[in-house]
Amino acid sequence: MANGIAADSTYESYLAKKGFTAWALTTDHKRIGIMYLITISFFFLLAGVTALLMRYELLTPELDFFSTTTQYNVAFTLHGSLMVFFFIVPGIAASLGNFLIPLMIGARDVAFPRLNLLSYWVYLVGTVILMTALAQPADTGWTFYTPYSVETGTNVILITLGVFVLGFSSILTGMNFIVTVHKLRAPGMTWNRLPLFIWASYATAILQLLATPVVGITLLLLIMEKSLDIGFFDPAKGGDPILFQNFFWFYSHPAVYIMVIPAFGIISEIIPVFARKPIFGYRAIAYSSFAIAIISFFVWLHHMFVSGISETAAAIFSFLTMLVAIPTAIKVFNWLATLYKGSIEFHSSMLYALSFIFLFTIGGLTGVFLGALAVDVHLHDTYFVVAHMHYVMIGGTVMGFFGALHFWYPKWFGKTFNELTAKASWFLVFVGFNVTFFPQFFMGYQGMPRRYATYPEQFQSAHVLSTYGSWILGLGIFIMTVNLIAGIFSRKVPEGNPYKSLSLEWQMPSPPPHNNFEDIPIVTDWTYAYGKK
Amino acid sequence: MTSWIPESASNLASNVDNITLFVTVLSVFFCVLISFFLIYYSIKYRRKSENQETAYITGNELIEIIWTVIPSILLMVIFAWGYIAFRELKHPPADALEINVIAKQWLWQFEYFNGKKSINEMYVQKGRPVRLIMRSDDVIHSFFVPQFRVKQDVLPVNYSQLWFTPTKTGTYDIYCTEYCGAGHSKMLGKVNVLSPEAYARWERADEFGGDAVAGGSDLPPAERGENLYSQRGCNACHSLDGADGVGPTFKGLFGREEKLVDGSVVIADENYIKESIYVPQAKMVAGYAPVMPAFKGILSDDEVTAIIEFLKTQK
């Protein structure tokens with residue numbers, strides 16, 4: 001599909017230079033991508049451990065593992081904040097986006113390499129602030145709702161400051177990617193030939209750029225209220241606590257799509273490769289990412305249907321929430337149609353992609369229950385919401401992320417992992433995830449409220465099942481992690497293009513040379529011309 | 001109805017259940033459809049040989065339109081139905097009986113039109129619409145009764161309201177569903193739906209909380225105190241097993257020497273406990289925040305005596 005890619009066997013890989021400064025001061029997008037990957041994976045595992053502790057506590061209705069309810073509340077606050085702000089928001093966008101965007105569009109680096117390095121270091125400063133906050137963690141939940149977050153004696157300021165700093169990294173990365181996609185596409189790489197991962201990253205970058213400043217300002221106001229006693233949100237000081245919820249969700253709803261749209265991109269890359277078929281409905285998938293990005297700015301009130309908002313506002317936001325389901329459904333149908341008359345290989349990354357379709361469908365459909373006003377009143381703040389959110393975030397984003405780890409692994413390291421172990425760990429992850437979260441839909445409809453350290457006895461059997469599931473899920477992720485780490489030390493060198501992909505990043509040696517392309521390639525066809533005669 | 005649907009005990013419940021049922025049927029249909037094709041294609045088009053022929057299909061406009069329009073129509077139906085049911089939830093009938101609800105960390109207080117008050121136990125009459133006028137004394141809470149399918153945040157800024165007509169006698173759980181701190185998961189109450197006769201008896205009863213109906217005043221004091229311990233929300237902050245909570249544990253409290261914030265020491269005897277229940281901030285134990293609500297006018301002297309007797313059994 002492309003001409004001009006050097007297949008020189010004596011190239012120097014981007015991994016060749018060793019030493020601390022060669023990494024810490026690098027402007028190579030690939031190294032920065034790998035540094036993000038390692039950092040976010042660390043936070044993912046840490047946040048996963050807090051989840052296991054919570055699930056362990058919930059084996060019995062009474063408090064027995066933690067010694068105070070506050071410890072449990074701290075655990076879910078850490079779990080939510082780490083997962084959302086330190087793993088899933090920067091996760092796929094920054095780590096995979098950094099590594100893949102220049103390679104996929106035929107560029108030598110991102111538009112602003114030094115700004116890119118700065119973004120990483122700003123992210124790291126944010127995480128360091130957060131790690132300091134771990135000594136005295138907050139107990140507000142990751143949503144920091146006022147006035148509780150103003151009144152609590154726990155250390156809310158440090159954790160919000162960490163998130164605030166982190167926001168800058170997100171904004172800078174978003175801007176960098178937008179410029180990169182606009183200005184650095186190789187000749188012939190027209191908008192309609194772009195890989196869908198690029199479309200998804202582009203839509204995500206716009207969301208990051210426009211939405212993140214709002215949460216930054218909101219958290220700054222909260223910090224000012226707590227430290228300088230200015231009454232923005234606390235009614236005791238003349239503020240309005242609902243204003244905080246409006247501000248917070250104005251960012252955090254689009255953020256849900258910052259988290260999941262990159263995964264849409266990954267799935268759109270993996271499925272055509274292993275089905276040896278062009279993606280079905282390329283434009284429908286590309287444009288629906290944009291439709292989702294735009295509509296997602298106008299649905300935030302659906303987090304507040306029981307907070308006392310007006311009926312008219314509720315009606316408008318319920319309507320818009322239903323609209324956002326449409327482009328999402330279109331994507332699922334298109335991925336499914338891509339399989340039709342294909343030649344399907346079940347590589348571990350394909351297993352993650354296929355389970356993504358199934359789990360994300362459940363996540364999306366249960367969102368429709370929550371979009372229907374009268375039903376949301378019953379389900380709001382119950383385990384139904386917890387289950388829905390995890391079906392979207394784990395069933396969607398994390399499945400996409402795991403799929404990407406297995407798919408691009410040979411590209412990153414020039415090594416490969418044990419495929420059988422990878423399949424076995426996929427199976428444990430898939431089963432464990434469903435056993436953990438499916439019972440929570442029923443628990444939620446029966447009325448089990450979320451964020452409960454202790455709970456009424458009638459919910460115990462469902463909680464026990466859910467905890468058993470979390471052990472299977474934890475085991476699966478543990479085996480997967482070990483397998484992926486062990487792969488780096490393996491001697492097995494995969495073929496240059498093991499899946500016979502047509503995408504640009506597979507047309508070069510693995511790991512890629514320091515400068516990506518000797519000569520900038522000239523693109524003559526789209527990325528998905530599988531089986532074209 | 002299957003067993004995962006909680007009992008429906010208000011006039012608003014069946015609406016919510018019907019919409020849920022409709023969305024469930026649609027969801028199961030689409031989920032089965034998608035899973036079917038996912039598995040069917042995976043088997044039928046699995047790679048049998050490396051050079052297997054594949055079709056070059058890039059899309060089909062007609063099918064894109066079909067699978068855009070059909071879900072859109074269904075979603076609009078769900079939206080409209082959800083909104084219609086929501087409107088009913090928001091419009092209480094004019095003759096609804098009003099109850100003032102005050103939420104505070106971590107209990108529910110109810111004030112009735114006839115001057116009665118109760119903590120964590122609400123009394124309503126079967127078949128009679130009730131309108132709750134709710135406010136919070138501190139942070140945001142949320143009032144939720146699963147069997148009624150109603151929920152409403154309770155705010156410290158302005159009043160919020162919620163209504164329902166109970167349709168079955170019985171006792172139903174009230175949960176706080178907006179995270180409100182250490183005692184959030186213990187901020188539980190009960191709605192007692194009484195028959196018209198029992199309700200009339202409760203209205204006439206002298207007891208503040210209406211134990212004449214719930215039963216309890218005829219129990220031995222220590223047992224009655226044990227009931228009150230959970231019914232009135234003491235358990236949210238005071239443990240029985242020695243664990244430190246928001247307040248001091250009740251284990252071994254009676255007769256213990258307590259160090260107060262002003263440095264002095266008291267012995268927790270009958271009079272100290274009575275004073276601390278009625279006016280908690282009078283003699284604060286060192287190391288705890290002054291957050292306990294005053295129970296003066298809420299618990300009767302008899303009830304306080306029962307609680308003291310219960311405390312004596314907690315060694």
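**Salt bridges and a domain contact**

Okay, let's start with Lys423(A), which makes a salt bridge with Glu419(A), closest N and O atoms 3.0 Å apart; that term means a Lys or Arg side-chain nitrogen within 4 Å of an Asp or Glu carboxyl oxygen. Both sit in helix α15 of chain A, 4 residues apart, about one turn of the helix; helices here are DSSP runs (H or I, at least four residues), and strands are too (E, at least two), numbered from the N terminus.

Quick caveat: this is a predicted model, where local features need pLDDT of at least 70, side-chain atom pairs need 80 or more, and totals for chains, interfaces and linings use all residues. Residues count from 1 along each chain as written, chains are lettered from A and ligands numbered from 1 in written order, and side-chain values use heavy atoms, without hydrogens or water.

Next, Asp381(A) and Arg450(A) form a salt bridge at 3.6 Å between the closest N and O atoms. Asp381(A) is in the loop between α13 and α14 of chain A and Arg450(A) in the loop between α15 and α16, so the pair ties together parts 69 residues apart in sequence. Both are buried, meaning under 20% relative accessible area, with exposed over 50% and partly exposed in between (1.4 Å probe, protein chains only).

Over in chain B, an automatic or database assignment gives domain 1 (97–213) and domain 2 (221–312).
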